[in-house]
Amino acid sequence: GFSDIESQSSKTLLEYEEILFQESVSEKFKNFTHAAHGMLYALDDRLVFGMFRQRAAILMQLRFDGILGFPGGLVDPGENPMEALNREMEEEINLDLTQHPFTNDNHLVTFLHHKKQLVLHFFTKEVSLDQFKNIELKSLNAKEYGLECFGSIRPPLFTMEDGFKGLPAFLSNQFAGNSREQLLYALKSRNIITSEEIATCVESMKRHVE
Ligand code: GTP
Ligand code: MN
Ligand code: MN
Ligand code: MN
Ligand code: MN
Ligand code: MN
């Protein structure tokens with residue numbers, strides 16, 4: 001589960017609890033703010049500098065506020081989380097919904113922030129590396145490019161010899177909502193990085209930001 005990441009990650013995370021999707025969309029949380037974000041990714045076993053296995057290309061973005069996050073956004077009145085996600089994917093990265101729609105099968109995890117009355121739904125979708133590159137290219141023509149969205153980025157998933165450069169350095173950026181934890185959760189549950197390596201990266205990140 002999430003607990004070994006939780007015990008090692010930032011204090012922000014402790015404020016979020018995992019909740020079943022069905023419960024999260026029940027009457028009980030009807031008046032909470034809901035948001036849905038998605039992680040598009042492709043497996044990529046190429047070596048960076050002939051040394052470091054990248055493992056996967058993952059699409060994150062720089063937001064208008066200078067903070068990193070996943071494409072996606074608020075669930076508007078009358079929408080379900082899936083509809084909101086697909087609409088935001090088109091607005092923010094110009095995703096071709098006829099080719100790459102997110103479906104219920106892509107749901108990974110939902111987090112609840114009681115105090116903020118916030119419900120964060122998270123989805124992941126695997127595509128081929130060629131499709132991924134095409135999605136990145138098309139994102140420059142998104143309606144929100146240059147407005148809400150300031151460009152897609154691929155997090156480095158390897159760690160370099162100093163134990164910090166690579167994923168730990170990336171993790172020491174500022175992240176919207178709990179998107180850093182969503183990333184770690186996905187890396188682990190999709191078997192892209194082992195939980196031991198993730199724990200090492202989180203420790204290294206924390207040592208450097210303290
Ligand atoms: P507007 O159209 O300007 O309202 O933005 P939006 O609908 O695209 O919403 P946004 O993506 O900013 O997400 C809304 C809420 O979710 C905010 O409270 C953010 O802090 C939070 N948030 C933003 N990005 C992410 C993300 O990648 N993951 C998580 N967990 N939360 C995020
Ligand atoms: Mn060079
Ligand atoms: Mn948006
Ligand atoms: Mn958004
Ligand atoms: Mn929106
Ligand atoms: Mn908007």
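Between which two helices does the loop that holds Asn191 lie? Asn191 lies in the loop between helix 7 and helix 8 (195-209).

## Model and conventions

This is a predicted model, in which local features need pLDDT of at least 70 and side-chain atom pairs count only at pLDDT 80 or more, while totals for chains, interfaces and linings use all residues. Residues are numbered from 1 along each chain as its sequence is written, and chains are lettered from A and ligands numbered from 1 in the order in which they are written.

Helices (H or I, at least four residues) and strands (E, at least two) are DSSP runs, numbered from the N terminus. A residue is called buried if 20 or more other C-beta atoms lie within 10 Å of its own, exposed if 12 or fewer, and partly exposed in between, with C-beta atoms placed from the backbone.

The shell around ligand 1 holds 15 residues, of which Gly69, Gly73, Ala176, Gly177 and Ser179 come nearest; a residue is near a molecule or strand if its C-beta atom, placed from the backbone, lies within 6 Å of it. Two or more residues are given to this shell by each of strand 2 (33-48), strand 6 (72-74) and helix 7 (179-189). Strand 6 gives the most, with three residues.

By class, the shell comprises five nonpolar, eight polar and two charged residues. In this scheme Ala, Val, Leu, Ile, Met, Phe, Trp, Tyr, Cys and Pro count as nonpolar, Asp, Glu, Lys and Arg as charged, and the others, Gly among them, as polar.

Helix 7 is mostly covered, with nine of its eleven residues buried. The buried residues of helix 7 include Ser179, Arg180, Glu181 and Gln182, and also Leu183, Leu184, Tyr185, Ala186 and Leu187.

Just after helix 7, Asn191 takes a positive phi of about 55°. Asn191 counts as exposed because 8 other C-beta atoms lie within 10 Å.

An open sheet of three strands has the order 5-4-9, with antiparallel pairing. Strand 5 (68-69) and strand 9 stand at the edges with a single partner strand each, so one side of each has no neighbour in the sheet. Two strands pair if DSSP finds at least two bridges between them.

Strand 4 (residues 60-63) pairs with strand 5 in the antiparallel sense over two bridges. Leu62 stands opposite Leu68 in strand 5, and Gln61 has Gly69 of strand 5 as its bridge partner. Gly69 is also among the residues that come nearest to ligand 1. The hairpin of strand 4 and strand 5 has four residues between the strands, and in it Gly66 takes a positive phi near 85°. Strand 4 and strand 9 run antiparallel and are joined by three bridges; Arg63 stands opposite Cys149 in strand 9.

Most residues other than glycine have a negative phi. Arg55, in strand 3 (residues 52-58), has a positive phi near 75°. Arg55 is partly exposed because 19 other C-beta atoms lie within 10 Å.

Asn141 is placed in the loop between helix 5 (129-139) and strand 9 (149-153). Asn141 counts as exposed because it has 9 C-beta neighbours inside 10 Å. The C-alpha atoms of Asn141 and Ile93 are separated by 7.6 Å, and the two residues are 48 residues apart along the chain.
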